[in-house]
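Please look over the structure below before reading on.

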Amino acid sequence: APGERPASYIKSPGQGAGQHTRQHTFLQKLHRNVISLTAPLKQEALDNGATVLNHSMHLVHRMENLLTLGNSSDVSLRVQTINTDEVKVIQAHSLVLTLQSDVFEELLLSRNNSALVLMETPDCAAVFDKFIRYLYCGDISLRLDQAISLHKLASKYHVWGLQQGLTQYMTQHLSSDSPTGHVVSWYTYALQIGDATLRESCLQYLSWNLSSVLQSGEWGSISEDLLLSLLQRSDLILQSELELYEALEAWTNQNQPVSSTVETALKAIRYGMIPPHHLFRLQRHSPLMAKYYESIRDLLYLAFQFHSASPIQLAKYFDVNCSIFTPRNYLSSSWGSPWIINNPTRDDRSFSFQTQLGPSGHDSSKRVTWNALFSPRWLPLSARSTYTELGAMQPTRTEGGRPRIIVTPATSSPDFAGVSFQKAVIVMAKQQGKVVVRHVYNFHQSTEEAGDFLVDADLQRRASEYLIDSSLYLHIVIKPLYHSLLVARK
């Protein structure tokens, strides 16, 4: 139809040996003349010197015609849409149905006549002909908005190959564009059916690409449970905590949840990560904060104390290891820097950037300079970077191995006492034409490097899923933490 997005394509996996034999016998009876000497031949040499004449596509075409024309049909599928008078009739073949689905086999054995009545929801009835065609041809074309309906049918009728293919399709198309969004609905569906793989894939995509999700129409459609689940996570990737608060206010205005939900959500905001001048502005201009001020007053007071006193002084009276003082993965310049590496397999690269010493107002004006080293080859401990008098990194290059990244402070400082640093290296990729987060590597000050960095990446391939236009797109985030102060407080 005009205006529709191009459909995607799923092919059937191979059949088991016994099932394949029964189906082959059936197809031989239907099409004794499938192998035609006039058809194009695909020849495959075998170890024993024999040759296979492969006409599988010709056979699929004839199977499709068999379904379309209804020749030799022995069962009529009457697909009735629940709560309506709409009925769709499909002329089918019981042997094909039973070979593909044990559910159909039981239904056909218990029927009283040549018709089999199937009650389906409107969304499933709309794609039922696609589902049946898959049973005959082993492939299916679909759009994003049809994935859940087809997955329901595959699950209901025990067509496991199609079910697995659709789950894989959904996990691979999370970044695809759709008018109203689809990741939230796929997450909700995965939660309903208990599909942990799909659920975690959707949750990870939402967490790692939260800034773009917050700007989309899909944000307003997320459920209360999903909202609260996201707010608890420390691996969210977004511009700032202020962006998250403003998105929460927009979601609340749109959905009008009960007060208990709003209070729980507001208490999950990490106010210590919001600069004081922004907190003052929210107190004065945010209707949501004004309405629920009493619920979060203590958290706001704690945030202001965090920004006004040194962390060492604060640690004498409060636990600075709690979530309100724990950063997420913020993309603003105070927390890190992007790094685009052109032709990453060519040679070693170094890069310097600055961040704030810590999120506390006492430390935010103090700067830390960081040196990042990327090598496309293995860099053993004995060959780590040395520095010239000018402070430039001089890596020792080795052949072979895999990519490695090291992030270290350029200098040491007494101000580092009481502060440790967690580092996150975010790798971007382009999927379905959209730049998204491909992977996040986390490591701590004690390790200085991510040991599994790009371990599965093939940067030699120009079409590598880790590259954008032959370049490696990274964003390094430095997250200052006050873990050592907790020890001092004990």
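## About the model

This is a predicted model, in which local features need pLDDT of at least 70 and side-chain atom pairs count only at pLDDT 80 or more, while totals for chains, interfaces and linings use all residues. Residues are numbered from 1 along each chain as its sequence is written, and side-chain values use heavy atoms, with hydrogens and water left out.

Three strands, in the order E5-E4-E6, make up an open sheet with mixed pairing. Strand E5 (87-92) and E6 are at the edges with a single partner strand each, so one side of each has no neighbour in the sheet. From one strand to the next the twist averages 20°. Here strands (E, at least two residues) and helices (H or I, at least four residues) are DSSP runs numbered from the N terminus, and two strands pair if DSSP finds at least two bridges between them.

Strand E4 (residues 75-81) and E6 run parallel and are joined by six bridges, and Gln-80 has Met-119 in E6 as its bridge partner. Helix H4 (residues 102-109) lies across E4 and E6, at about 130° to E6; such angles run from 0 to 180 degrees between N-to-C directions, with axes fitted as lines to C-alpha atoms, for helices over the stretch in contact, where contact means heavy atoms within 4.5 Å.

Val-117 has its place in strand E6 (residues 115-120), and together with Ile-82 and Met-119 it makes a nonpolar surface patch of about 250 Å². Patches consist of residues with over 30% relative accessible area and no salt bridge, with like charges joined within 9 Å and nonpolar side chains (Val, Leu, Ile, Met, Phe, Trp, Tyr) within 5 Å.

## Helix H9

In helix H9 (residues 183-193), the residues Val-183, Val-184, Trp-186, Tyr-187, Tyr-189 and Ala-190 are buried, a word that means under 20% relative accessible area, with exposed meaning over 50% and partly exposed lying in between (1.4 Å probe, protein chains only). The buried residues of H9 pack against helix H7 (147-156), helix H8 (160-172), helix H10 (196-208) and helix H12 (224-231). Just after H9, Gly-194 takes a positive phi of about 75°.

## Salt bridges

The whole structure holds 18 salt bridges, each being a side-chain nitrogen of Lys or Arg within 4 Å of a carboxyl oxygen of Asp or Glu. One of them brings together the side chains of Asp-123 and Lys-152, at 3.4 Å from N to O. This pair links distant parts of the chain, since Asp-123 is in helix H5 (residues 122-126) and Lys-152 in helix H7, 29 residues apart. Asp-123 counts as partly exposed at 29% relative accessibility, and Lys-152 counts as partly exposed at 32%.

Another salt bridge joins Asp-139 to Arg-133, with the closest N and O atoms 2.7 Å apart. Asp-139 is buried, at 8% relative accessibility, whereas Arg-133 is partly exposed, with a relative accessible area of 24%. Salt bridges that share partners also join Arg-438, Asp-458, Arg-461 and Glu-465 into one network.

## Strand E16 and its partners

Strand E16 (residues 420-431) is mostly covered, with nine of its 12 residues buried. E16 is joined to strand E18 (residues 471-481) by eight antiparallel bridges, and Ala-424 stands opposite Val-477 in E18.

E16 also pairs with strand E17 (residues 434-444), in the antiparallel sense and over 10 bridges, and Val-425 has Tyr-441 in E17 as its bridge partner. E16 and E17 form a hairpin with two residues between them, and Gln-432 in the turn has a positive phi of about 50°.

Definitions and conventions
Areas by Shrake-Rupley, 256 points an atom, 1.4 Å probe, with all protein chains shown as cover.
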